[in-house]
Amino acid sequence: MTTPLDTTPPVPLTSVRGGSPLAAGYRRLAAVCEALDLRIAGDDTDADTGAGADPGGGAGAPGAGRWVTGARLARDPEALTAFVGAEAARIRERHGHEPRPDVAASRALHDYAWSVGVLMSGAWYLERRVPRIRPAEVRVDLTTGAYEVTPGHAFACLPDDPAAAPSAPSGARMSDARMSGVRTVPDGEALRAELRAAVVDHMRPVLAAFAPHVRRGPRALWGMVADDLVSGIWYLGRVLDQEERSVSAAAELLPTAMAPFPGGADFRLLVGREGRRYPTRTRIGCCLYYKLDAARPCGTCPRTCDTERLRRLEDGG
């Protein structure tokens with residue numbers, strides 16, 4: 001369930017389809033992120049939800065009509081309208097009021113950007129692998145808000161990764177065709193560049209489709225993507241009791257504005273009782289949670305002053 005804390009994921013359920021070298025990393029992500037229900041399709045399929053059926057999100061299969069891929073959101077106005085409508089219904093159920101259309105669209109986009117971002121950044125943070133997830137490989141259950149991703153075989157890694165095997169001798173056949181999509185990059189900064197590029201390539205067509213519905217320009221939209229990318233890494237560090245490491249990792253990933261991202265992670269420390277320090281940041285692009293709960297905006301919202309942030313942090317919330 002969505003809460004006003006920036007580091008809490010907005011989408012509680014995610015499942016993944018296996019058969020690739022990335023599957024183990026997604027299993028590890030599932031094990032450490034209690035808020036995510038990640039499954040490898042083929043290991044366990046739920047016929048009642050239609051998981052594993054109809055990957056294109058079309059009609060004619062179990063669960064048909066409930067699922068829509070990211071690719072369809074980017075190209076099909078009716079699918080996008082259904083996606084936003086499903087988010088509006090969840091807002092009515094959780095908050096008891098009818099959201100404005102642009103608020104529902106912004107919240108739906110926030111959910112999508114956070115989920116896609118944490119799947120990519122989670123693999124990077126936990127496994128030092130950056131998957132290239134195409135919009136066609138992510139789909140959403142309109143009824144529950146659950147996500148499903150089909151892990152592919154394309155990812156970037158460092159030279160010490162087991163997948164980064166030396167090139168085979170001339171004329172030799174690869175022993176494992178699945179490794180053909182692996183790209184080895186020389187160092188950590190090159191891998192961070194791969195993560196930024198992977199997120200941008202995935203989100204660009206999705207943002208173009210959402211823009212008229214959220215009524216915000218490119219800077220605000222890419223600001224939201226940057227926020228959700230940083231937030232996912234921060235969240236992961238918190239659940240692993242590695243907040244300091246995750247804050248450092250997010251700051252290295254986005255040290256400053258890097259086009260198209262209009263700003264960096266920009267963490268700062270708040271000092272509380274007994275000198276305890278708490279990392280915080282202010283969002284670049286508003287997630288509009290305050291439109292759902294005006295009395296308690298996000299902990300990283302520009303509307304939330306540092307005094308209130310400290311109060312919440314020291315009270316455990």
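Q: What percentage of the 317 residues in the chain do buried residues make up?
A: Buried residues make up 53% of the 317 residues in the chain, where buried means under 20% relative accessible area, exposed means over 50% and partly exposed lies in between, computed with a 1.4 Å probe on protein chains only. This is a predicted model, in which local features need pLDDT of at least 70 and side-chain atom pairs count only at pLDDT 80 or more, while totals for chains, interfaces and linings use all residues. Residues are numbered from 1 along each chain as its sequence is written, and side-chain values use heavy atoms, with hydrogens and water left out.

Q: And how many helices and strands are there in the chain?
A: The chain has eight helices and 10 strands, taken as DSSP runs numbered from the N terminus, with helices being H or I runs of at least four residues and strands being E runs of at least two.

Q: Among contacts between residues at least 6 apart in sequence, what percentage join residues at least 24 apart?
A: Of those contacts, 66% join residues at least 24 apart, a contact being heavy atoms within 4.5 Å.

Q: OK, helix packing: at what angle do the axes of H3 and H5 cross?
A: The axes of helix H3 (residues 77-95) and helix H5 (residues 188-214) cross at roughly 60° and come within 11 Å of each other; the axes are lines fitted to C-alpha atoms, over the stretch in contact for helices, and angles run from 0 to 180 degrees between N-to-C directions. That makes H3 oblique to H5, given that angles under 35 degrees count as roughly parallel, over 145 as roughly antiparallel, 65 to 115 as roughly perpendicular and the rest as oblique.

Q: Which residues of H3 and H5 meet?
A: From H3, Leu80, Phe83 and Val84 meet Ala209, Phe210 and His213 of H5. The residues of this contact between H3 and H5 divide into five nonpolar, one polar and no charged, counting Ala, Val, Leu, Ile, Met, Phe, Trp, Tyr, Cys and Pro as nonpolar, Asp, Glu, Lys and Arg as charged, and the others, Gly among them, as polar.

Q: Switching to H7, which of its residues are buried?
A: The buried residues of H7 are Ser246, Val247, Ala249, Ala250 and Leu253. Viewed down the axis of H7, they fall within an arc of 165°, so they line one face of the helix; the arc is that of the directions from the helix axis to the C-beta atoms.

Q: What do the buried residues of H7 pack against?
A: They pack against helix H4 (101-127), H5, H6 and S10.

Q: Where is Glu189, then?
A: Glu189 is found in helix H5, and at 35% relative accessibility Glu189 counts as partly exposed. Its C-alpha atom is separated by 8.1 Å from that of Leu253, 64 residues apart along the chain, and, leaving aside neighbours within four places in sequence, Glu189 is in contact with Arg196 and Glu252.

Q: Backbone next: what is the phi of Asp241?
A: Asp241 has a positive phi of about 60° although it is not a glycine. Asp241 is in the loop between helix H6 (218-239) and H7, and at 72% relative accessibility Asp241 counts as exposed.

Q: What about Leu288, buried or exposed?
A: Leu288 counts as buried, at 10% relative accessibility. Leu288 has a positive phi of about 65° without being a glycine, and lies in the loop between strand S10 (277-280) and helix H8 (306-314).

Q: Last one: is the peptide bond from Ala259 to Pro260 cis or trans?
A: That bond, from Ala259 to Pro260, is cis, with omega near 5°, and Pro260 is placed in the loop between helix H7 (243-253) and strand S9 (268-271).
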